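Hello,

Here is the structure I promised to pass on. Please have a look at it first, and my notes follow below.

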Amino acid sequence: MSGITHLFAGVPVSDLDASIDWYTRFFGRPPDMCVGEEILWEIDEHAWLFIEPNAARAGAGRITLSVAGLDAVLERLAAQRIEHEPIETYSNGVRHVNVPDPDGNAIAFAEPPDAASALHGV
């Protein structure tokens with residue numbers, strides 16, 4: 001699909017202040033921008049994740065971020081008191097883990113097998 005230049009993925013939350021705190025710890029830094037009631041973090045040059053108050057839809061969000069170094073990411077999150085569900089390894093070698101936010105939105109990480117190998121010199 002041509003013409004797409006940026007991605008803005010939104011997550012509905014019930015308590016904006018509590019969610020700003022959680023996502024600040026999740027990303028390891030404060031938001032990059034606030035537009036009205038939308039609070040945004042830039043996660044890549046052309047990719048943004050935003051939270052917005054919407055109690056009726058809170059908990060229905062589902063975002064997966066591809067990472068290299070999943071174990072290091074999870075260690076950093078643990079230091080910020082952010083818990084995760086058990087890590088799954090899919091038949092194609094992808095390691096996947098859900099890190100639910102305070103509303104239960106499914107924020108997840110997926111590490112392709114080649115990313116793990118590259119980090120460990122395999």
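His96 lies in strand E7 (strands, E, of at least two residues and helices, H or I, of at least four are DSSP runs, numbered from the N terminus). This is a predicted model, in which local features need pLDDT of at least 70 and side-chain atom pairs count only at pLDDT 80 or more, while totals for chains, interfaces and linings use all residues. Residues are numbered from 1 along each chain as its sequence is written, and side-chain values use heavy atoms, with hydrogens and water left out.

His96 counts as buried because its relative accessibility is 9% (buried means under 20% relative accessible area, exposed over 50%, partly exposed in between, with a 1.4 Å probe and protein chains only). Its side chain makes a polar contact of 3.1 Å with that of Tyr90 (a pair of N or O atoms within 3.5 Å; within protein, one must be able to donate a hydrogen and the other to accept it, and residues adjacent in sequence count only if both atoms are side-chain atoms). Beyond four places in sequence, the contacts of His96 (heavy atoms within 4.5 Å) include Thr64, Pro86 and Phe109.

In E8, Ala110 is the bridge partner of His96. E7 (residues 95-100) and E8 (residues 106-111) run antiparallel, joined by six bridges. Both belong to an open, mixed sheet of four strands in the order E5-E8-E7-E6 (strands pair if DSSP finds at least two bridges between them). Its edge strands, E5 (62-66) and E6 (88-89), each pair on one side only.

Best wishes
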